[in-house]
Amino acid sequence: MDEKEPIDVEVRKAEHGIYHDKWTQRLLKLGVEDRGIQPVPEEERTDTQYAKIFFLWFAWNVNILTFSAGTLGPLIFGLGLRDTCLTVLFFNLLCCAFPAYFCTWGPKLGMRQMIASRYSFGYYGVIVPCIFNLIGMIAFSILNSIIGGQALASVNGDLSWTVGIVIISVISLLISFCGYNVLNWYERLSWLPVLITFVIALGVGGKHLSNPPPAEPATAVTVLSFASTLAGFAITFSGLSSDFTTYYRSDVSAWKIFTYSYLGLLLSIVPLQCLGAAVVVVTPSVPAWEEGFAEGSDVGGLLEAMLHPTKGFGKFLTVLLSLSVAGNIAATFYSISLNIQVFVPWLVRVPRYVFSIVATAIVIPLAIVGAHRFYDTLLNFLGLIGYWASAFVAIILVEHLWFRRNDPKQYDEKIWNNPKRLPTGLAALGAGICSVGLIVPSMHQVWFVGPLAKTAGDIGFEVAFGVSAVTYVPFRYLEIRMRGHL
């Protein structure tokens, strides 16, 4: 939708079965988006500001959580700075390609990501990956709320983590509530002060980073286990990629959307994860940083300690860093609101923005409860979330590239909400279930190490991708043969 295009409320009053009362009509006039999971017709795909998708992904990941993910390499897996940074670079080069590619589907299909996934998983079968996707998005929002609240509280000793979490979550709600136009406007602006703050932090504390301590040689087990965590950070964006590109013109080059998306992801994730690793490696040798880090539980406190030499200005910069997570949470709330409608299909008649409020009500209490176990939560979550996402990506890629020949015309928009015309989903679910049998022995988690992982490291997400892709082909052929159509 073009940002300058006026909204004719009367014409859209009964659009797609959504009832527009007087309150909703007022919101529409103010530019609030109410469209949920209904596909965007081609005549309404008019947005030509394609660079917005770069800024969305860039702003999404220029924040403290990305910084924190990089600290896991040295802090949890015992990797040296060089090995951590190389792992960050090469695995993100791979994992960021998947969500960037799925962004190209939005303009061609006009469908949100989980709606496009119905053409693999079926009307009811897609509820399973949708549940995992919701769990992942809510967990990411919780982690961001925690770390943003911690950073905000570190500025003022009288402010508790709980109050900080509530402030961050409410700001995120206001952005996501308004929808597509406001969200993109915010993401285009929010990254700049945050990036400047990180640069200042690097400038102030850079002298401590020049001589990192020596580390033990990396092993395949530690590298692959850390890589699995990185995959859980990046590849999970695949479950919501096209949610943000459905209003773009259908004739836009797929390479243009892919390039903008890929660079937006890569240029934000890799530098900040490497910076996080560099800072945490030298933290034990810098007493002020170690004190701010509070025994590994407060990344916000660590960043505040880095900026402390700038005095009062440093506190202001720390506030900016705490607000950096709002762009991430807001975009995630936006996709959560869409996924709830997929999870409970009859809710499609409820305006999208209502579910942003629901998401906020879920995230705030869970973030408050989990605030004091941030690193345990981050590690366990990222380690597990990559497995399902990898299997999901493999299945919809095989469906799109092999069975539908990369042809948007093979997706009949008229059947998006018709369970009888869509696939049954048994092939997709069967392939996913088959992969579980090999994922478990390939897992390397704090609470469980499988027999394969003891010698090879955590190869769960690679196994999930390979097994799901291979088994989906015969299962899907059988399904097509029995039903007589895609």
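## Pockets, a cavity and some helices

The largest pocket here holds about 480 Å³ of space. Keep in mind that you're looking at a predicted model. So what sits closest to the centre of that pocket? Of the 19 residues lining the largest pocket, the ones closest to its centre are Phe132, Tyr387, Trp388, Gly432 and Val436. Three helices each give at least two residues to this lining: H9, H18 and helix H19 (426–442). Sort the lining by class and you get 17 nonpolar residues, 2 polar ones and no charged ones.

Next up is the second largest pocket, with a volume of about 240 Å³. You can pick out its lining in the viewer: Tyr101, Thr104, Trp105, Lys108, Leu109, Ala254, Trp255, Phe258, His400, Asn406 and Pro408. Two elements give two or more residues each to that lining, namely helix H6 (105–109) and helix H13 (254–282). By class, the lining of the second largest pocket divides into 7 nonpolar, 3 polar and 1 charged.

How many cavities of 30 Å³ or more does the structure hold? There are 3 of them, and the largest cavity has a volume of about 140 Å³. It has 19 lining residues, and those closest to its centre are Gly136, Met137, Phe140, Thr236 and Phe237. Helix H2 (52–61), helix H3 (64–77), H9, H16 and helix H18 (374–403) each supply at least two residues of the lining of the largest cavity. Which helix gives the largest share of that lining? That's H9, with 6 residues. The class count for the largest cavity is 10 nonpolar, 9 polar and no charged.

| Space | Volume | Lining by class |
|---|---|---|
| Largest pocket | about 480 Å³ | 17 nonpolar, 2 polar, no charged residues |
| Second largest pocket | about 240 Å³ | 7 nonpolar, 3 polar, 1 charged residues |
| Largest cavity | about 140 Å³ | 10 nonpolar, 9 polar, no charged residues |

H9 has turned up in two of these linings, in the largest pocket and in the largest cavity. Let's look at one residue on it. Ile146 is found in helix H9, which covers residues 127–155. Is Ile146 buried or exposed? Its relative accessible area is 1%, so Ile146 is buried. Now compare Ile146 with Tyr180: in sequence they're 34 residues apart, and in space their C-alpha atoms are 25 Å apart.

H16 is another helix that helps line the largest cavity, and Asn339 is found in H16. Asn339 counts as buried because its relative accessibility is 2%, and under 20% is the cut-off for that word. Who does Asn339 touch, once you leave aside its neighbours within four places in sequence? Its contacts are Met114, Cys130, Asn133, Leu134, Met137 and Asp243. Met137 is also one of the residues closest to the centre of the largest cavity.

H16 has a helix partner to look at too. The axes of H16 (residues 312–343) and helix H17 (residues 353–370) come within 8 Å of each other and cross at roughly 105°. Since angles of 65 to 115 degrees count as roughly perpendicular, that makes H16 roughly perpendicular to H17. On the H16 side, the contact is made by Phe333, Ile336, Ser337, Ile340 and Gln341. On the H17 side, the residues are Phe355, Ser356, Val358, Ala359, Thr360 and Val363. By class, this contact of H16 with H17 has 7 nonpolar, 4 polar and no charged residues.

Why can we call H15 largely enclosed by the rest of the structure? Because 9 of its 9 residues are buried. Among them are Gly300, Gly301, Glu304 and Met306.

Last stop: the loop between H18 and H19. Arg405 is found in this loop, and its phi is near 55°, a positive value in a residue other than glycine. Asn406 is in the loop between H18 and H19 as well. Asn406 isn't a glycine either, yet it has a positive phi of about 55°. How accessible are these two? Arg405 counts as exposed, at 56% relative accessibility, while Asn406 counts as partly exposed, at 44%.

Technical notes
Residues numbered from 1 in each chain as written. Predicted model: local features only at pLDDT ≥ 70, side-chain atom pairs only at ≥ 80, totals over all residues. Heavy atoms only, no water. Axes fitted to C-alpha atoms, helices over the stretch in contact; angles between N-to-C directions. Helix = DSSP H or I, 4+ residues; strand = E, 2+ residues; numbered from the N terminus. Parallel < 35°, antiparallel > 145°, perpendicular 65-115°, else oblique. Contact = heavy atoms within 4.5 Å. Nonpolar A, V, L, I, M, F, W, Y, C, P; charged D, E, K, R; others polar. Buried < 20%, exposed > 50% of the residue type's maximum accessible area, 1.4 Å probe, protein only. 1 Å grid on protein atoms, 1.4 Å probe; cavity = no way out; pocket = protein on both sides within 12 Å on 5 of 7 lines; lining within 4 Å. Points joined across faces, edges and corners; volume = space filled by probe spheres on them.
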